[in-house]
Amino acid sequence: MQAHVNDFINKLQEMAPFENAEAYDNVGLLIGHKGRTVTRVLLALDATEEVVDEAVKLQAELIITHHPLFFRGRKNLVEDDPEARVICKMIRNNISLISAHTNLDKSAYSGSMACAELLGLENIRQEGLLFVGELPKSMKTKELLTVIKNKIEPDSRLYGDADKNVSTLAVCGGAYDEGWAEAKALGAQAYLTGEVRHHNAIAAVMDDFVLIDAGHFGTEATLISPLATYLQKWLNDVQYDVTVYASVSDPYGRLG
Ligand SMILES: [Zn+2]
């Protein structure tokens with residue numbers, strides 16, 4: 001059966017309702033046409049030029065990203081600007097773009113949930129933007145850091161007491177370091193997030209709490225592979241003739 005862009009909008013709506021997105025956000029169909037046929041779809045965290053090139057090469061008609069474009073609004077598409085160049089390239093190649101951002105963060109398909117599952121957390125519960133669970137066994141935070149470096153992001157960094165025991169961990173992928181106090185109040189001994197700023201690291205450490213920064217990309221790139229698997233299974237089940245690809249691009253060019 002032939003799938004259309006609209007089928008993906010409807011599926012994502014069912015998984016992570018777009019109206020759950022924050023007011024400042026920009027989610028849903030951002031480029032393209034609902035009626036366009038889709039045979040290949042590329043999933044990525046960001047619609048970078050490299051990701052669009054990947055889609056062109058794969059002959060994908062649709063890109064689904066976590067982070068939206070047009071985030072700050074724009075009044076032109078002059079190609080001196082990198083984002084405008086990306087948008088124009090998508091339009092020229094007839095590629096549609098759907099973004100599922102803060103609506104996805106609040107769903108079971110979030111990067112936070114993916115991190116929690118990669119770490120084998122048990123009894124995972126969602127409290128607002130935070131996902132909290134118990135580690136399979138209690139360990140020192142420095143041991144947890146090693147696990148996180150192996151499973152999530154090699155460049156992860158720990159703030160606070162490396163010898164402290166941790167059994168309950170709170171996770172919020174992306175950039176939400178101010179969530180540490182919420183994590184502590186929820187009974188966690190440590191908090192995994194990205195983009196930890198100095199003042200929040202200081203405040204947390206002074207309050208005898210531990211923060212682990214696995215980066216914005218590191219904590220959210222985890223959502224791509226389970227999302228690709230989930231969408232592919234759905235497409236197979238409903239017998240849509242579509243292949244789902246997970247982007248292999250690194251937005252910082254570290255793999256290049
Ligand atoms: Zn993000």
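Four bridges link strand β4 (residues 40–44) to β13, and the two strands run parallel. Here, strands are DSSP runs of E with at least two residues and helices are DSSP runs of H or I with at least four residues, numbered from the N terminus; two strands pair if DSSP finds at least two bridges between them. This is a predicted model, in which local features need pLDDT of at least 70 and side-chain atom pairs count only at pLDDT 80 or more, while totals for chains, interfaces and linings use all residues. Residues are numbered from 1 along each chain as its sequence is written.

**The sheet around β4**

- Helix α10 (residues 224–237) lies across β4 and β13, running at about 180° to β13.
- Five strands form this open sheet in the order β2-β6-β5-β4-β13, with mixed pairing.
- Its edge strands, β2 (28–31) and β13 (243–246), each pair on one side only.

**The strands around β8**

- Strand β7 (residues 122–127) runs antiparallel to strand β8 (residues 130–140), and four bridges join them.
- Arginine 125 has valine 132 in β8 as its bridge partner.
- Two residues separate β7 and β8 in a hairpin, and glycine 128 in the turn has a positive phi of about 65°.
- β8 also runs antiparallel to strand β10 (residues 165–175), joined by six bridges.
- Methionine 139 stands opposite valine 166 in β10.

**The whole protein**

- The secondary structure comes to 10 helices and 13 strands.
- The radius of gyration is 19 Å, close to the 18 Å that the globule rule gives for 256 residues, so the protein is as compact as a globular protein of that length; the radius is taken over C-alpha atoms, and the rule is 2.2 Å times the number of residues to the power 0.38.
- Domain 1 (3–101 + 223–246) and domain 2 (111–220) divide the protein, with bounds from an automatic or database domain assignment.
- The contact between them takes four residues from domain 1 and four residues from domain 2.
- The C-alpha centres of the two domains lie 29 Å apart.

Methods:
Contact = placed C-beta atoms within 7 Å. Axes fitted to C-alpha atoms, helices over the stretch in contact; angles between N-to-C directions.
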